[in-house]
Amino acid sequence: MSKSITAFLPGENTDYKNKFVKDLQNSGIVTEIINIDSPFDSKTIDLIKTKTATDYILLLTQDTQIELGQFSLERFISVAESTGTGM
């Protein structure tokens with residue numbers, strides 16, 4: 001079974017966020033995308049605990065434009081696994 005990611009994204013629905021969400025959806029690795037108010041409040045931590053059924057999470061701490069590079073999510077998982085990273 002391949003590894004998967006749940007993404008937690010802050011911020012408003014802007015053109016660049018909507019594009020990023022589509023990129024995540026088309027990745028085949030991100031299985032769920034959850035909008036959050038703030039990455040630093042207890043409500044978000046509770047969401048992470050209760051909503052994550054994947055091997056990894058992607059938690060963005062800022063509402064900023066991001067473009068995924070080719071195989072970037074695969075590399076994210078590969079580095080996490082090869083280094084034994086917990087966070």
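Modeller: Let's settle one word before we start: a residue is buried if its relative accessible area is under 20%, exposed if over 50%, and partly exposed in between (1.4 Å probe, protein chains only). This is a predicted model, where local features need pLDDT of at least 70, side-chain atom pairs count only at pLDDT 80 or more, and totals for chains, interfaces and linings use all residues. Residues are numbered from 1 along each chain as its sequence is written, and side-chain values use heavy atoms, with hydrogens and water left out.

The part I'd pick is helix α1, residues 15-26. Helices and strands here are DSSP runs numbered from the N terminus (H or I, at least four residues, for a helix; E, at least two, for a strand). From first C-alpha to last, the twelve residues of α1 reach 17 Å, close to the expected 16 Å; that expectation is 1.5 Å times one less than the number of residues.

Now look at which side chains of α1 are tucked away: Lys-17, Phe-20, Val-21 and Leu-24 are the buried ones. Down the axis, the buried residues of α1 sit within an arc of 100 degrees, so they line one face of the helix. The arc is taken from the directions that run from the helix axis to the C-beta atoms. Turn to the face pointing away from that buried side and you find exposed Asp-15, Lys-22 and Asn-26. Asp-15 has 71% relative accessibility, so it counts as exposed. Its C-alpha lies 9.3 Å from that of Gln-65, 50 residues apart along the chain. At the other end, α1 is followed by Gly-28, which has a positive phi, near 80 degrees.

So what covers the buried side? The cover of the buried α1 residues includes β1 (5-10), β2 (30-36), β3 (56-59) and α3 (72-83). Contact here means heavy atoms within 4.5 Å.

Leu-24 also takes us into the largest nonpolar core, which has 14 residues; Leu-24, Ile-5, Leu-9 and Leu-58 have the most contacts inside it. Such a core is a set of buried Ala, Val, Leu, Ile, Met, Phe, Trp, Tyr and Cys residues joined through side-chain atoms within 4.5 Å. The elements giving two or more residues to this core are β1, α1, β3 and α3.

Leaving out residues up to four places away in sequence, Ile-5 touches a list including Val-30, Tyr-56, Leu-58, Leu-73 and Phe-76. Tyr-56 is also the bridge partner of Ile-5 in β3, and β1 and β3 pair in the parallel sense over four bridges; strands pair if DSSP finds at least two bridges between them. In β3, Tyr-56 and Leu-58 make up the covered face, while Ile-57 and Leu-59 are on the uncovered one.

One last detail sits among these neighbours. Rings of Phe, Tyr and Trp (its six-membered ring) pair if their centres lie within 6.5 Å, with planes under 30 degrees apart stacked, over 60 edge-to-face and the rest tilted. By this rule there is one aromatic pair. The centres of the Tyr-56 and Phe-76 rings are 6.4 Å apart and their planes stand at 75 degrees, so the pair is edge-to-face. It links distant parts of the chain, with Tyr-56 in strand β3 and Phe-76 in helix α3, 20 residues apart. Tyr-56 is buried at 16% relative accessibility, whereas Phe-76 is partly exposed at 32%.
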